Amino acid sequence: MQVKMWMTTGAVAVEAGAPLAAARARMAREGLDTLLVMADGRPIGRLAAADVRRVAPSAHPRLAPYESPDWADRLAVRDVMSPHAVWLTPTASLREAARLMATLGVASLPVVDAGSAIGTVSARDLLGLLASLLDQRPPAGIEHIVVGVERGPAGERAVATALDLARPDAASVTLVAVAAPRPRLAIETIPAVARAAVQAAWCDEARAAVLARVPAGDAPRVDVELVSGGRREAVLAAAARLGADLVVVGDPREARALAGRAACPVLLAGRPEGD
Amino acid sequence: MRVRDHMTRAFVAVAPHASLGEVARAMSDHGVRHLLILRGNQLVGLLTDRELDAARPSPATSLTVGEIQAALARARAEEVMIRDVVTVAPGTPLAAAARLMRDWQLTALPVLQEGAPVGLLTDATLLGVLGALLEDQAEGAASRRGAPSAGVSSRRR
């Protein structure tokens with residue numbers, strides 16, 4: 001894909017001797033981030049929005065009173081331009097254009113043909129192209145799975161099934177589990193100063209217990225979300241927040257309850273043969 | 001493709017009361033154009049090189065170098081930061097993030113998970129993704145034409 005197929009046509013050059021105020025007004029009016037600076041019919045530099053900002057009076061209330069507001073208006077383009085002209089040819093690839101803009105940190109680049117600036121390619125246009133290219137791509141498979149981890153064999157099945165499904169696409173897996181409740185007395189007997197630390201340790205312990213269900217080795221990226229209750233709601237919330245492609249549970253009642261409410265498919269992890 | 005696949009997790013953050021001198025130093029030390037402004041773990045603003053440039057004095061200021069430094073040390077990030085920050089989640093599709101950036105003319109989107117920042121997606125990153133996609137397409141087209149794939153892949157390196 002060549003630059004000429006995606007550029008906005010129009011002159012984007014300015015003479016080096018032109019007043020900066022006129023160039024600044026034009027950039028604002030036409031939404032241009034960069035102008036090609038010409039002298040004697042050839043490009044000698046570029047004027048970027050950042051160059052214009054650097055000579056503009058400070059807008060900060062404590063610094064603005066010390067500015068000379070019309071000073072910048074007395075400048076010419078050559079006084080503030082950067083002396084490196086950068087442009088694209090119409091036959092350059094959009095790939096090169098995207099890379100050059102990313103490297104230079106500019107939002108647009110002029111296109112020059114036979115010594116004349118004939119158009120501009122902007123980051124705005126390229127972001128639109130990116131969005132449409134991404135829309136055209138076939139679904140990339142499963143990227144994120146949320147697992148409702150019940151206690152016992154149902155939880156084991158859900159974790160194992162999710163990991164099997166995640167592996168081929170290197171999908172991420174989030175395990176949502178209910179932390180085992182601690183007796184109220186156990187919490188109340190802990191001195192207040194140590195309570196947070198003890199509760200954090202309990203949390204780590206519970207997290208480790210969930211992670212212990214994940215076999216070591218080639219497991220995909222696994223995160224654990226612990227909740228104190230209401231696992232069903234927590235699974236739905238995690239699936240929505242993470243934009244999950246699939247929810248996996250091991251208990252049929254849980255699967256039925258979630259099926260109508262999750263924005264993505266809900267899979268019931270199957271029982272092993274003979275179970 | 002989701003935001004989480006391409007966001008940078010190594011973002012730079014400062015407190016709202018950081019001085020503009022500290023902001024400028026953080027940007028130049030880390031070579032970044034965007035700073036997240038955090039109060040605790042909560043995102044309260046975004047500061048880009050544009051806001052910093054707009055606050056800095058021009059060469060025509062009547063202040064001396066010392067006075068400029070003192071003024072920048074007194075000016076706070078929260079006085080010039082963008083307060084209404086457009087954010088995305090790690091699970092946001094990348095196409096949606098690209099459209100947000102295009103439509104709102106943004107150069108970066110902070111990535112929030114449960115209200116806390118976990119990454120940053122910049123326009124430069126998205127342009128890099130576009131470059132890679134177009135490269136894949138070109139390689140696909142070349143291999144369909146029977147061109148030697150070794151020549152194409154050597155360009156990649």
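Okay, let's start with the sheet in chain B: three strands, open, in the order β1-β2-β3, with mixed pairing. Strands here are DSSP runs of E, at least two residues, and helices are runs of H or I, at least four residues, both numbered from the N terminus. Two strands pair if DSSP finds at least two bridges between them. In this sheet β1 and β3 (42-48) of chain B sit at the edges with a single partner strand each, so one side of each has no neighbour in the sheet. Strand β2 (residues 34-39) of chain B runs antiparallel to β3(B), with 6 bridges joining them. Across that pair, Leu38(B) is opposite Leu43(B).

Quick housekeeping. This is a predicted model, where local features need pLDDT of at least 70 and side-chain atom pairs need 80 or more, while totals for chains, interfaces and linings use all residues. Residues are numbered from 1 along each chain as written, chains are lettered from A and ligands numbered from 1 in written order, and side-chain values use heavy atoms, without hydrogens or water.

So how confident is the predictor? The model scores ipTM 0.79 and pTM 0.65. On pLDDT, the per-residue confidence from 0 to 100, chain A averages 83, with 93% of residues at 70 or above. Chain B has a mean of 84, and 89% of its residues reach 70 or more.

Now the interface. 44 residues of chain A touch 52 residues of chain B. Together the chains bury about 4,100 Å², 58% of it on carbon and sulfur atoms; that's accessible area (1.4 Å probe) lost on being put together, summed over both parts. On the chain A side, Arg53(A), Arg95(A) and Leu127(A) lose the most area to chain B, together 16% of what that side buries.

Last, the largest pocket. A pocket is an open set of points on a 1 Å grid over the protein atoms alone, where a 1.4 Å probe fits, with protein on both sides within 12 Å along at least five of seven lines; lining residues have an atom within 4 Å of a point. The lining is 48 residues, and among those nearest the centre are Arg53(A) and Arg50(B). Helix α2 (residues 49-55) of chain A gives the largest share, 6 residues.

Conventions:
pLDDT is the predictor's confidence in each residue, from 0 to 100. Contact means heavy atoms within 4.5 Å. Buried area is the accessible area (1.4 Å probe) that two parts lose on being put together, summed over both.
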